[in-house]
Amino acid sequence: MTIDLRSDTVTKPSKAMLETMMQAKVGDDVFREDETVNQLETRIAKMFGKSSALFFPSGTMANQTALKLHTSPGDQIICDKYAHIYNYESGGASFNSGVSCKLIDGNRGMFTAEQVIDAINPDAYYYSSTRLVEIENTANRGGGSCWDFNEILKIRKVCDENNLGYHLDGARLWNALVEKKQTTEQYGEVFDTISVCLSKGLGCPVGSVLVGDEAIMKNALRIRKVFGGNMRQAGFLAAAGLYALDHNIHRLVDDHKKAKEIGEVLAKLAFIKIVEPIETNIVIFELNNDVNEKEFIQQLTNKNIHIISMGTNKLRIVTHLDYTITMHDKLIKVLQTL
Ligand SMILES: *Cc1c(COP(=O)(O)O)cnc(C)c1O
């Protein structure tokens, strides 16, 4: 039994999901004739109360498209120093959109409306124009942390007052929704654009969706094409998304419960310095300085348990759909005997 806790992207489509995929009605999506893609886009747009949605092969492409929709070359965007769009999208913000990022020194990937105000450039010709605020919920490098919705609203106000766009990287928004008992509509009302992943917690093999109102989404199709993200009979993939929306959202609470249980066990181990607060399905912990990180990971690998390093003696565990209760029991036992 292999226990893979490196990421919630390691899941494989279940038998039922595969069967749904095989039965999908498909067509050429470049002609916008794939019924299942259209169905997924319409459904997700509606869930967020937006008039438009577009299916993407990756969350990276959905985010990068959003940045391009909101900006022109030379502009600046505001995001946290931990932001996925800044750290893990291969420098795409500058490569694709020619924009720079003003990084906020936030708390576990989250920041305040006051910090946004401080980060906005004055209106002088020698500054770049601040155009967009981007936040991430849950915040990945923040350890799956969930934003306070009030702060999200306060930042909206700052965006309105300063004529800034507001994008949500919601790769793991589903986790925040079930944990905080929030709704997609609530988020749709606040943000101009939102990207969501179907291939993280929801167990799909591929797929992300970008939503927004038509005014801002007008060029999304063209930009996706420029990025090479047009697909043909993509309905097989969209069908997985529809299946996931029906079956795999509510169950995320199980992943959160397991993550918290793992955290409780880790917190009792003498060689662990700190376990960061666990709100959803991500557990970040730090080893004592005298513990060798590589040796620790190897010790687990020898027992067929896989986790990853985040650098500086910090390690990450992510629970997911394919992490069963049997695996969980085994992991807890192994941790307790280390
Ligand atoms: C995974 C992830 C993405 C997108 O990732 P892809 O691998 O390109 O689908 C975007 N934002 C966050 C916060 C993520 O965790």
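Modeller: Searching the whole structure turns up one cavity of 30 Å³ or more. A cavity here is a set of points, on a 1 Å grid over the protein atoms alone, where a 1.4 Å probe fits but cannot get out. The space in the largest cavity comes to about 50 Å³, where a volume is the space filled by probe spheres set on the points, and grid points are joined across faces, edges and corners. This is a predicted model, in which local features need pLDDT of at least 70 and side-chain atom pairs count only at pLDDT 80 or more, while totals for chains, interfaces and linings use all residues. Residues are numbered from 1 along each chain as its sequence is written, and side-chain values use heavy atoms, with hydrogens and water left out.

The lining of the largest cavity has 13 residues, each with an atom within 4 Å of a point. Nearest its centre lie Asp 80, Tyr 82, Ala 83, Gly 109 and Glu 136. Strands S3 (76-80) and S5 (130-136) each give at least two residues to this lining, and S5 has the largest share, with three. Strands are DSSP runs (E, at least two residues), numbered from the N terminus. By class, six lining residues are nonpolar, three polar and four charged. In this scheme Ala, Val, Leu, Ile, Met, Phe, Trp, Tyr, Cys and Pro count as nonpolar, Asp, Glu, Lys and Arg as charged, and the others, Gly among them, as polar.

Key: 1 Å grid on protein atoms, 1.4 Å probe; cavity = no way out; pocket = protein on both sides within 12 Å on 5 of 7 lines; lining within 4 Å. Helix = DSSP H or I, 4+ residues; strand = E, 2+ residues; numbered from the N terminus.
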